[in-house]
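Take a look at the sequence and the structure below. The paragraphs after them go from the whole to the parts.

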There are 2 protein chains.
Amino acid sequence: MPIMSAQPGMASVKPADSARPPAGLTLPRLLPTTDAGLGAALAQRLALPTQPTQALGRLQTLLLQLVRIQSTKPPAFDRLALDAPQLLVFAADHGIADAGVSAFTQADSLQRVLHLLRGQAAVNALAALHGFDLTLVDAGLAAQLSRPHDALAQVSLLSRKIGHGSRNMLLSPAMSPQQAVAALHAGMDVVRHLPGQVLALGSIGVGGSSCAALLLSRLCGVPLADASNDCTDAPAAHALAAEVQRKHKLKQLLKVARRHYHAVTAFDALAAMGGFEIAMMAGAMLQAGAERRVVLVDGFVAGAAALVAHGLCPAVCDYLVFAQRSVAPGHRLLLLHLQARPLLDLELHLGQGEGALLAWPLLQAAQRLLAQQTPAG
Amino acid sequence: MPIMSAQPGMASVKPADSARPPAGLTLPRLLPTTDAGLGAALAQRLALPTQPTQALGRLQTLLLQLVRIQSTKPPAFDRLALDAPQLLVFAADHGIADAGVSAFTQADSLQRVLHLLRGQAAVNALAALHGFDLTLVDAGLAAQLSRPHDALAQVSLLSRKIGHGSRNMLLSPAMSPQQAVAALHAGMDVVRHLPGQVLALGSIGVGGSSCAALLLSRLCGVPLADASNDCTDAPAAHALAAEVQRKHKLKQLLKVARRHYHAVTAFDALAAMGGFEIAMMAGAMLQAGAERRVVLVDGFVAGAAALVAHGLCPAVCDYLVFAQRSVAPGHRLLLLHLQARPLLDLELHLGQGEGALLAWPLLQAAQRLLAQQTPAG
């Protein structure tokens, strides 16, 4: 095992769960953060003589994770740094959207992207509020995307287009193995060029939650009916229409799962039933973990990317902070399978990173509380 | 009913649930915020063409509450103002602490207060992070409190001492009706002299959670064994010791409840089994509501004050934003009885306002999101 030698982020390890590693895939070296002494030392540091133990509750748990991620030897508690936080929003289209699995169409993905580039999306307001740099990555929108003339200067646009939307999974794998590798590498590459110790991840793409449901079902053994039971984004005017829509979606997803029954490893499932944005988010998580950054994961689709990243390298979860539990029932199951307890439970029906930005002040608070308890000098 | 006339906050109404209104108690005029059209108008304002409805989830619910509190006619959505937020921490001692209901003693209350005045408490760090003015109110500490020479300039200290700790409820009512009235009035008075549209409330006082459990049990019919089942703050080294402590606490509280069986209205229960800080917080809530301020309620003890305020004037709940659910099981039951769903669930074991400050960025985020969706001009 070469895992204990060399610098993190430099060497490569083979994918963890794949009997036949995908040709050409180079994963960054990612070390688990476990450190048995750190929890006790932190508890001692945070203990106050006239307060109950564990007074900070889950904030202390969060703090322990952050300290572990950034820990040096000996652990230097006063050095917790959360500077220059970055929000990456990966946008891609999904051929499966043609099968009517969503109330929206692929054209809506583009509209959402333009909305964000123009500073009109919820994430724009929240990123400005909390001082996040916001970068939109075109991972594979169906449309040709160029920066609109009225785009907000604060929003960066990166084109890492792998294809003009993934293929319709009913007819073929969503992407070729080569595309999946390219998308994973692109995600790593994007992170490699970003500053900061904190990375928040969100996504845009009609059909993304179908991919998330399929990946959750395949990688965790959750019945597809439970994984995809998310009201299909219908504008909810008619409960009956929503129910018809839900059944139609489930029928299509069952067909997809049957067609790609052989795709059981994380990589194969990603290629067969994933999306470009999911692959890139998984790559981004792996790279961020290798660089010992904190990763704030938002929403169901980003959660599916975490599943894939976990399949490729289980230690990545040490670096993931799950920001919120969205309204999608599949998201709840996904978090249970990752044994993750999200910081917020606000029933959001968005996944562009809003939840990550909403949870961010809790990280700041944890940082402040630690700094306060750190002896001066 | 004179409720619809005159300015809010000027006239007085009689306590809602008391057959014999306590002599001398003057409650501020408090109007419910209900406005049927506002929810639909807000949903329309927040709806985006390419996003699911209710995409903001509970943030939209929060926003509706904030807009209702500050609504004018016609509703002016762009005027949501959350300026100069204030944190009030009310400190008081409880004679019942002598009966060993807590692992801490009354002297520890003073230590916590001094800790806060010196800027060493968790709330200090969080108040600084989020720009809250912090005021400590001595509602009735057992000790004589004077500002220590090394106190932080940013922390204001108000002395509104009603007594040197409340009396031991095992032997007599915690306070006389006159003291309860004085404490309620003092809470109103403190708020009347504060600026800002947002008021966060927390408390300090060993024995406060015993009062909270008793009030919850009496005013909501929750069995005392459930209401007080909160691990008794023991430093948790020994599970057995904690269990012995828990049983002892319950036994004492059952005696208290039996002794004061006649105290069934909110006011009578407050006087018999409450505390000075609880009375003042209830008064503060009523006054803040009358002035249409947003009230951020933290912790189990502040929750008990909300119960009392609700008993005196049910409309006050329209103005209360419950920030967090603490680790105390009684707190969970209390929130259920108030039909309140807190913003955070971080298992804190503190009640000085930390939870309110941690939840505050969600209010800011809601404000930003609303401003973004408000047509310019």
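This is a predicted model: local features need pLDDT of at least 70, side-chain atom pairs count only at pLDDT 80 or more; totals for chains, interfaces and linings use all residues.

For the complex, the predictor gives an ipTM of 0.91 and a pTM of 0.92. In chain A the average pLDDT is 89, and 90% of the residues score at least 70. One stretch of chain A to read with caution is residues 1–15, where pLDDT stays under 50. For that stretch the model has 27 contacts beyond four places in sequence.

Next comes the make-up of chain A. Its secondary structure comes to 13 helices and eight strands. Chain A has 377 residues, and 62% of them count as buried. Among the contacts in chain A with a separation of 6 or more, 74% are between residues 24 or more positions apart.

The two chains meet at an interface. On it, 50 residues of chain A are in contact with 50 residues of chain B. About 3900 Å² of area is buried between the chains, and carbon and sulfur atoms give 63% of this. On the side of chain B, the three residues B:Thr50, B:Leu346 and B:Arg368 supply 14% of the area that this chain buries against chain A, more than any other three residues.

After α4(A) comes A:Gly131, which has a positive phi, near 70 degrees.

Helix α13 of chain A, residues 354–373, contains A:Gln373. Is A:Gln373 buried or exposed? The cut-off for buried is under 20% relative accessible area. A:Gln373 has 18% relative accessibility and therefore counts as buried. Leaving out residues up to four places away in sequence, A:Gln373 touches A:Arg45, A:Leu46 and A:Leu48, as well as B:Gln120 from the other chain.

The last topic is empty space. Rolling a probe the size of a water molecule over the atoms shows where such space is left. The largest pocket holds about 680 Å³ of space. Its lining is made of 26 residues, and those nearest the centre are A:Gln65, A:Cys317, A:Leu320, A:Gln339 and A:Ala340. Elements α2, α6, α11 and β8 of chain A each supply at least two lining residues, and α2(A) gives the most, with six. By class, this lining has 13 nonpolar, eight polar and five charged residues.

The second largest pocket holds about 540 Å³ of space. It is lined by 17 residues, with B:Thr61, B:Gln65, B:Leu320, B:Gln339 and B:Ala340 closest to its centre. The largest share, six residues, comes from α2(B). Sorted by class, the lining of the second largest pocket has nine nonpolar, four polar and four charged residues.

Key: Residues are numbered from 1 along each chain as its sequence is written. Chains are lettered from A and ligands numbered from 1 in the order in which they are written. Side-chain values use heavy atoms; hydrogens and water are left out. On a 1 Å grid over the protein atoms alone, a cavity is a set of points where a 1.4 Å probe fits but cannot get out, and a pocket is an open set with protein on both sides within 12 Å along at least five of seven lines; lining residues have an atom within 4 Å of a point. Grid points are joined across faces, edges and corners, and a volume is the space filled by probe spheres set on the points. Helices (H or I, at least four residues) and strands (E, at least two) are DSSP runs, numbered from the N terminus. Ala, Val, Leu, Ile, Met, Phe, Trp, Tyr, Cys and Pro count as nonpolar, Asp, Glu, Lys and Arg as charged, and the others, Gly among them, as polar. Buried means under 20% relative accessible area, exposed over 50%, partly exposed in between (1.4 Å probe, protein chains only). Contact means heavy atoms within 4.5 Å. pLDDT is the predictor's confidence in each residue, from 0 to 100. Buried area is the accessible area (1.4 Å probe) that two parts lose on being put together, summed over both.
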